[in-house]
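Student: Can you walk me through this one? I have the sequence and the model open.
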Amino acid sequence: MGFADLRKRDRAALAAELEAAGAQLKGDSCCCPFHEDKHPSAGIYQNEAGFWMYKCHSCGFCGSVWDVEAKSRVRLPPS
Ligand SMILES: [Zn+2]
């Protein structure tokens with residue numbers, strides 16, 4: 001198992017990426033930082049492979065810690 005897999009299995013890593021993107025996790029749910037979200041329509045869950053995944057039921061974005069990281073990087077202004 002490589003580092004990529006280990007990170008996908010790490011709930012804290014996914015939570016940290018979401019918080020960096022502007023989300024505030026309450027338990028396993030949060031408001032989606034990737035669209036204008038007034039109610040928590042997003043959340044995290046562990047899939048069959050044991051990976052922690054993010055899923056927004058409103059804008060449809062879903063993915064692992066890597067996808068969340070990549071998407072939040074895109075939103076940041078270039079440094
Ligand atoms: Zn969303």
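Tutor: First a term: two strands pair if DSSP finds at least two bridges between them. Helices (H or I, at least four residues) and strands (E, at least two) are DSSP runs, numbered from the N terminus. The model is predicted, with local features needing pLDDT of at least 70, side-chain atom pairs counting only at pLDDT 80 or more, and totals for chains, interfaces and linings using all residues. Residues are numbered from 1 along each chain as its sequence is written.

Student: What order do the strands of the sheet have?
Tutor: The order is β1-β2-β3-β4, in an open sheet of 4 strands with antiparallel pairing. At the edges are β1 (29–30) and β4 (62–63), each pairing on one side only.

Student: Over how many bridges do β3 and β4 pair?
Tutor: Over 2 bridges, antiparallel, with β3 covering residues 52–56. Y54 has G63 in β4 as its bridge partner.

Student: Which strands does helix α2 touch?
Tutor: α2 (residues 11–20) packs on the sheet and touches β1, β2 (42–46) and β3. Contact means C-beta atoms, placed from the backbone, within 7 Å.

Student: Which residues of α2 are buried?
Tutor: L14, E17 and L18. Buried means 20 or more other C-beta atoms within 10 Å of the residue's own, with C-beta atoms placed from the backbone.

Student: What follows α2?
Tutor: G22 follows α2, and its phi is positive, near 110°.

Student: And which residues does UniProt list for the zinc finger domain?
Tutor: An unreviewed UniProt entry lists residues 29–67 as "domain: Zinc finger CHC2-type". That span is 8% helix and 36% strand, and its end C-alpha atoms lie 17 Å apart.

Technical notes:
Contact = placed C-beta atoms within 7 Å. Axes fitted to C-alpha atoms, helices over the stretch in contact; angles between N-to-C directions. UniProt positions renumbered as here; feature names shortened; annotations may be inferred. Buried ≥ 20, exposed ≤ 12 C-beta atoms within 10 Å, placed from the backbone.
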